Amino acid sequence: MARQEAGVTEAQIAVHWKEEECLTPSVKFIGQAHASDPSILQRFTEDKFPECFREYADLLTWDQYWHTTLDTSNPPFWKWFVGGKLNASYNCVDRHLEQNRNKAALICVPEPEDEEDRVITYQELYVQVNEFAALLRDCCGLKAGDRVTFHLPMLPELPVSMLACARLGVIHSQVFGGFSGQACGDRIVDSGSHVLITMDAYYRNGDLIDHKVKADQAAEHAERNGMKVDKVLVWQRYPGKYSSSVPMKDGRDYFVNDLLTEYRGARVAPVSMPAEAPLFLMYTSGTTAKPKGCQHSTGGYLAYVAGTSKFYQDIHPEDTYWCMADIGWITGHSYIVYGPLALCATSVMYEGVPVYPDAGRAWRIAERLNVNIFHTAPTTIRMLRKAGPDEPRKYQYHFKHMTTVGEPIEPEVWRWYYEAVGKGEAVIVDTWWQTETGGFIGTTLPALHPMKPGSCGPGALGIFPAIYDEEGKEVEAGSGKAGNICIRNPWPGIFQTIWGDPDRFVRTYFAKYCKNKDSKDWRDWPYLAGDGATQAADGYFRILGRVDDVINVAGHRLGTKELESASLTVEEITEAAAVPVLDEMRGRAVEMYVALRPGLSPSEEIATKVSKAIEDIIGKIARPKHVWIVPDMPKTRSGKIMRRVLAGISNFADPGDIMTLANPEIVEEVRHKVQAEKVAIGEVPRELSPEELEEIKRFGNVD
Ligand code: WT7
């Protein structure tokens, strides 16, 4: 609707789009790939669904094989591999011991360059996971089905903690280490965790950050909101030494390393869990202020990440694989920990900032460890490029395969990644997926499909996407017209529900295009991804960005409502609106518009307070680029703030039709003020591409 108002039809947008040239992978890559025979595509055609996913499940070791591949009796709460039993920790650790006990499972690179790597073999991982599982069971009384919140940095204690929980059937919920104590506290409350696992400190950009202080804030915040944290387990960045300034709270806080002395040599039998038992929760933002705890299953999830790690990451036993994401995001869960370890791979993890202490750091790590598969996000690629466009050439590493994930990548950035980082030798997969989907859903198969800069490719194996218009009509396949991308079928990696809120799960992801609420046929329940997309004649999808009130900053979703409620905790503020603005490094950044209580006048101080509130409540990642104090917000007659108008102003784009506003005169006033200030500081964006214009027009559409 917003599009028509603005006078631009989808067809017009489509003709403006330039299709990029395709590139083909090298013969050398194809020669060694897991999936180089096109017959694999035949094994995953729609008529083979859902049985095709047996191939993924058969990558796992089951205690009890399942009897039903897909149970659709309670739509859209799909159940995969029903009747099956397995343990995720057994699959990622124990079963590799016989043949690979001395192989490196994890190579953990600390940020300070003079500190040694921590190389953890499968045998060592087995020992650590068992000992910590014994501690969790005996000292914390944790058992299958309980939830535990982690607020851990990128150190090996994080995967050890995950696998220890998985061993017991305990559901872990890792909160990104960079999030605030309060954000962690909210997730403790929502998940009902009595135990918080944290670390005293970690390195970031050369500083040893005090992290335990956030655990205190989290526990206090949780308690104020009705959830008492009984135990805080504190790992130490330097075992035996305490690197935080805040005291340990008697009777609540324990050093893991002290407790562990009692569990040396302990072994815990892996608990055999039903395939559909939850493995973990991962919180993500949506259109309300309350984050959604995406609940992922044990059997379906693990099968899906093992299968996609094999065919799309193309990990072989002899490879050294480095995914530079944070395990606090789904990418790290699926493609640093569970997928690679299920395949008995060697997975590298890095504690710190990719360009610390200089632009060559990432490439030195790659060279030293002989990394040959590399995985990161466009925001990091932009950062690496800006810091040292010629740096990769100086180092002797050779990637055969690279991944980009998390946000649309500009073709120009893609080409630098290909030529400079990949040295023209590495194949690239642009993997489109989400916290909710568990694993890749749109991507090329690296040895079989050509690469097209800026497009993710076709649906992944066994994934059948379609684009629908607002009325629920399928947009003609391959027409290049924009619409809402959906997945027509269930798949093993899809999340099971939103923790504690099944209605929201149905409402958010299925209600819009459900063809018949009483139907038990999966064909009637397309999954709504919340992204705008087009499909070119060759079948490749191009993801345009979010169509809902979510802002993708540096590959991470931030909900506008979360940002707005954080701003409203500042007493001077009566109204707030968050909008995305194009940002050279982060893809999108946040700009806040706020209105003051009557009688107050705008000041730098108030703007700073808003910024600070967002940082304290959500985390640094959400810090707005600007806080604009405005006399009033553009509103509809029913009083809804028109975010798309503000987004248009922030991006120097057409704010669209404002005739339906209750106060159209305010638009010009705000536009003048904001844009004049931006011009004064030299912040005028380049000309927007049609995709970007389309994204802004669709943003926060309330009509
Ligand atoms: C949103 C999901 C995928 C795991 C990390 C982010 C955007 C993701 C791509 C891509 C264009 C992408 C989408 C999606 N997105 N991958 N390859 N090309 N856009 O997970 O935080 O749940 O965010 O990220 O908008 O909906 P997330």
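Colleague: How many aromatic pairs does a search of the whole structure find?

Modeller: The model is a predicted one, and the search finds 44 aromatic pairs in it.

Colleague: What makes Trp-414 and Tyr-418 a stacked pair?

Modeller: Their ring centres are 5.4 Å apart, and a pair needs centres within 6.5 Å. The planes stand at 15 degrees to each other; under 30 degrees counts as stacked, so the pair is stacked.

Colleague: Where do Trp-414 and Tyr-418 sit in the chain?

Modeller: Both are in helix H16 (residues 411–421), four residues apart, so about one helical turn separates them. Trp-414 and Tyr-418 are both buried.

Colleague: Why is the pair of Trp-491 and Tyr-527 called edge-to-face?

Modeller: The angle between the planes is 80 degrees, with 5.5 Å centre to centre. Angles over 60 degrees count as edge-to-face, therefore this pair takes that name.

Colleague: Which residues form one aromatic cluster?

Modeller: Phe-44, Phe-49, Phe-53, Tyr-56, Trp-62, Tyr-65, Trp-66, Trp-80, Phe-81, Tyr-304, Phe-311 and Trp-522.

Colleague: Why are H6 and H7 called oblique to each other?

Modeller: The axes of helix H6 (residues 88–100) and helix H7 (residues 122–140) cross at roughly 135 degrees and come within 9 Å. Roughly perpendicular ends at 115 degrees and roughly antiparallel needs over 145, so the crossing counts as oblique. H6 passes H7 in a left-handed crossing.

Colleague: Which residues make the contact?

Modeller: From H6, Ser-89, Cys-92, Val-93, Asp-94, His-96, Leu-97 and Asn-100; from H7, Tyr-122, Gln-123, Leu-125, Tyr-126 and Val-129. By class, seven are nonpolar, four polar and one charged.

Colleague: What makes helix H14 (residues 361–369) mostly covered?

Modeller: Seven of its nine residues are buried, namely Arg-361, Ala-362, Trp-363, Arg-364, Ile-365, Ala-366 and Leu-369. These residues pack against strands E4 (104–109), E16 (320–323), E17 (346–350) and E18 (373–376), and against helix H15 (378–387) and H16. Just after H14, Asn-370 has a positive phi of about 55 degrees.

Notes:
Residues are numbered from 1 along each chain as its sequence is written. This is a predicted model: local features need pLDDT of at least 70, side-chain atom pairs count only at pLDDT 80 or more; totals for chains, interfaces and linings use all residues. Side-chain values use heavy atoms; hydrogens and water are left out. Axes are lines fitted to C-alpha atoms, for helices over the stretch in contact, and angles run from 0 to 180 degrees between N-to-C directions. Helices (H or I, at least four residues) and strands (E, at least two) are DSSP runs, numbered from the N terminus. Angles under 35 degrees count as roughly parallel, over 145 as roughly antiparallel, 65 to 115 as roughly perpendicular and the rest as oblique. A crossing is left-handed if the near helix is turned anticlockwise from the far one by less than a right angle, and right-handed if clockwise. Contact means heavy atoms within 4.5 Å. Ala, Val, Leu, Ile, Met, Phe, Trp, Tyr, Cys and Pro count as nonpolar, Asp, Glu, Lys and Arg as charged, and the others, Gly among them, as polar. Rings of Phe, Tyr and Trp (its six-membered ring) pair if their centres lie within 6.5 Å; planes under 30 degrees apart count as stacked, over 60 as edge-to-face and the rest as tilted. Buried means under 20% relative accessible area, exposed over 50%, partly exposed in between (1.4 Å probe, protein chains only).
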